[in-house]
Amino acid sequence: MADQTPAYDVIIIGGGPGGYNAAIRAGQLGLKVACVEMRETLGGTCLNVGCMPSKALLHASELFEAASKDFAGLGIEVAPKLNLGQMMAQKQDSVTALTKGIEFLFKKNKVDWLKGRGRLDGPGRVVVEGADGATTYAAKNVIIATGSEPTPLPGVEFVAGKVIDSTGALSLPAVPKSMVVIGAGVIGLELGSVWRRLGAEVTVIEYLDSIGAGMDAEVATAFQRGLTKQGMTFRMGQKVTGATADGAGVTLTVEPAKGGEATTLTADVVLVAIGRRPYTQGLGLETVGAAPDARGFVANDHFRVADGVWVIGDVTHGPMLAHKAEEDAVAAVELIAGKAGHVDYNLVPSVIYTTPEVAWVGQTEEQLKAAGVAYTKGKFPFTANSRAKINHEGEGFAKVLADAATDRVLGVHIYGPQAGELIGEACVLMAFGGASEDLARTSHPHPTRSEAVRQAAMGVEGWTMQA
């Protein structure tokens, strides 16, 4: 095993959204930095087999369905034909462009890419096992940014092309006639909606009684109703205990979550999407006196787990989201550089990129009630929003929750068109401790969907107006 000198100020293990942002920020601050990544391309799960390719397929499938069902009503007559090969090719072209962009940013900010699998080997030492063998590098600080991987389901073995995880669902060679999605979370609902639009019959099996774990209950109810209207079938309060794959497809054994008689369900393809788990095995954490908990997460004190060792993103606690990892990355590097670094996880928004989208930030009504917080609520439907109405996208609503005494906004929940874009102003408002009246009295351009969020804020004090 060779030793490599000189020492780095920072070595980051993992080149996903947390890792590459940490590397770039470190370079900007003048630190000598390297990033270890075992993939052939940078960007981690998000850019390669997660956020980005899924959004490419969501966008393409939305256009395909719109052309098939909606264009005629707009006076546009077409006869769309699915070319799945080209749809997958344009997805990959976009992914390649993004990963090349990260390589460019590494060069621009003088970040060394150490290609291989990295692990700690005691304080200040990182071993990288690459194509040419193992090399040990010295570093004043090491940031663990290895992300997460799909959680397997006991009793259900993955079978290529038949029982698949999210990565497999992004590259199916043909549209299955039927698909079962196990798990009604973000990944399952997004990818299930892609294949439903392209022609598959999609059934979603969920252990809980509501979809979108952690979502505001009122939003979840409307969201499930909307997906059902689009053609998805839901089996709630059910668990999958076994799967058998053969040439004809996959047969699942399904039981009520609270006990009862088992039934079987068959499908051409089964997508297991019950969540993700931290990728923390084999990182050598024990060599610096650290260890993951029973669920695989590594606890931290302001991102620090030992002298000179830091954790960010999915490997530590907080929302398992790419943009949360980015915030962690900047905060951790700035702490290393002697600056202030902090992330308020209550202000990290969540988005589900279905049609319509769902987005939220802050507290739900259920959380406020459980905490005994008195609040007021404003709600506004997109059916009354001028832009949504003329665009034939009136499903859903915006909801603003504010402290009953101070009017400070505690949560914003949106189910409707472009919700992921609309939630940003709520994040800014809440970051500055804004009140619902601040948003209500801020002029918004007309006609826009964002007016629905303003109208919901106006509704907190009962003076909503029709857009």
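**Salt bridges in a predicted model**

In this predicted model, a network of salt bridges links Asp216, Glu218, Glu365, Lys377, Lys379 and Lys399.

Q: How many salt bridges does the structure hold?
A: A salt bridge requires a side-chain nitrogen of Lys or Arg within 4 Å of a carboxyl oxygen of Asp or Glu. Counted in this way, the salt bridges of the structure number 20.

Q: How many residues apart in sequence are the parts that Asp9 and Lys140 tie together?
A: The side chains of Asp9 and Lys140 form a salt bridge, with N and O 3.3 Å apart. Asp9 belongs to strand β1 (residues 2–13) and Lys140 to strand β6 (residues 133–144), so the parts joined by the pair are separated in sequence by 131 residues.

Q: Which strand holds Lys399, the partner of Glu365?
A: The side chains of Glu365 and Lys399 meet in a salt bridge of 2.8 Å, N to O. Both Glu365 and Lys399 are buried. The two residues are 34 residues apart and link distant parts of the chain: Glu365 is in helix α9 (residues 365–370), and Lys399 is in strand β22.

Conventions. Residues are numbered from 1 along each chain as its sequence is written. This is a predicted model: local features need pLDDT of at least 70, side-chain atom pairs count only at pLDDT 80 or more; totals for chains, interfaces and linings use all residues. Side-chain values use heavy atoms; hydrogens and water are left out. Helices (H or I, at least four residues) and strands (E, at least two) are DSSP runs, numbered from the N terminus. Buried means under 20% relative accessible area, exposed over 50%, partly exposed in between (1.4 Å probe, protein chains only).
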